[in-house]
Amino acid sequence: MAKITDAIFAVHELEEMAERKLEVNRVHPLVKLVVTLTYMIIVVSFHKYNILGLLPFILYPLLLLKLSDIPIMTCLQKIKGLLPLLLFIGIFNPIFDRAPLVYMGSLGISGGVISMITLFLKGMYCIAASFLLISTTGIDGICYALRLLHVPDILVTQLLLTYRYITVLMAEANGVYQAYSLRAPGEKGVKYKIWGSLLGQLLLRSIDRAGNLYESMLLRGFNGEFTYIKRTKARGQDYVYLIVWLGMFAVLYVGIKLLV
């Protein structure tokens, strides 16, 4: 129950971060989305053994954390739940790729170990960049930018509704768990044989809530497209933001390719 409450609080905290009156928050959403996507594409394009090439790209999340006034520990706390997944994805690399690739004195480091670390760094960079995009832009701004890129409206609407109502789903799950706890005092957690019925109850509640929500949207004139935020044009500062970051990425990428 405490974990569900913490998750709901974390979502609301991201929305509060996006609403702050910082200069980086005022940058046009499309500009920030393009910068973030470019950064991710460059990061994942590096060879699986190229750890040294990835290291300089930590500058982007570090500088953006400074600009957005978000402590590094806060960022790590928000993304720590995904770190075990990153480790699990690459944990088998040392088993299948055992050939020594680098020697530190008499100690040989296999290509599997290096590729595992490289994969972890790529995942960390991309997750941190995504977190910073959400915490400085907000879901409405991101959806607005996606529509400017002509992403199909149905996909953008699904993304928006999923994000907005994930806290409602978690609150429903919290209510179901509380009801079970009151009917089964003294038990730690939920018994495995009860999981099916509890998930079924949660599914039925979700379907009922979704139907009521859609009817309410139709009564309010929903025609298939949301007005996410007030449509704005990019300012001069936004173009400077775009040019500076893309220029830095280009310099780092070209410099690393020349040195390696």
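1. In this note a residue is called buried when its relative accessible area is under 20%, exposed when that area is over 50%, and partly exposed in between, with a 1.4 Å probe and protein chains only. By that rule Thr-136 is buried, because its relative accessible area is 2%. Thr-136 sits in helix α9, residues 111-148, where helices (H or I, at least four residues) and strands (E, at least two) are DSSP runs numbered from the N terminus. Leaving aside residues up to four places away in sequence, Thr-136 touches Ala-18, Val-24, Asn-25, Lys-32 and Ser-68, a contact being heavy atoms within 4.5 Å.

2. The model is predicted, so local features need pLDDT of at least 70 and side-chain atom pairs count only at pLDDT 80 or more, while totals for chains, interfaces and linings use all residues. Residues are numbered from 1 along each chain as its sequence is written, and side-chain values use heavy atoms, with hydrogens and water left out. The mean pLDDT, the predictor's confidence in each residue from 0 to 100, is 82 for the protein, and 91% of its residues reach 70 or more. Where pLDDT is low, the predicted coordinates should not be read in detail.

3. Rings of Phe, Tyr and Trp (its six-membered ring) pair if their centres lie within 6.5 Å, and planes under 30 degrees apart count as stacked, over 60 as edge-to-face and the rest as tilted. The count by this rule is 10 aromatic pairs. One of them joins Tyr-39 and Tyr-125, a tilted pair with 6.5 Å centre to centre and 45 degrees between the planes. Because Tyr-39 lies in helix α3 and Tyr-125 in helix α9, this pair ties together parts that are 86 residues apart in sequence. Tyr-39 is buried at a relative accessible area of 0%, and Tyr-125 is buried at 5%.

4. The ring centres of Tyr-241 and Trp-245 are 6.2 Å apart and their planes are at 70 degrees, so this pair is edge-to-face. Both residues lie in helix α12 (residues 236-259), four residues apart, which is about one turn of the helix. Tyr-39, Tyr-125, Tyr-241 and Trp-245 are among the members of one aromatic cluster, which also includes Phe-249 and Tyr-253.

5. In helix α5 (residues 59-67), the residues Tyr-60, Pro-61, Leu-64 and Leu-65 are buried. They cover an arc of only 130 degrees around the axis, and therefore lie on the same side of α5; the arc is that of the directions from the helix axis to the C-beta atoms. The elements that cover the buried residues of α5 include α3, α9 and α12.

6. A salt bridge is a side-chain nitrogen of Lys or Arg within 4 Å of a carboxyl oxygen of Asp or Glu, and the count by this rule is five. In one of these, Arg-235 meets Glu-23 at 3.6 Å, N to O. That pair links distant parts of the chain, since Arg-235 is in the loop between α11 (195-219) and α12 and Glu-23 is in helix α2, 212 residues apart. Arg-235 also forms a salt bridge with Asp-238, with the closest N and O atoms 3.2 Å apart. Asp-238 is buried, with a relative accessible area of 1%. Salt bridges that share partners join Glu-23, Arg-26, Arg-235 and Asp-238 into one network.
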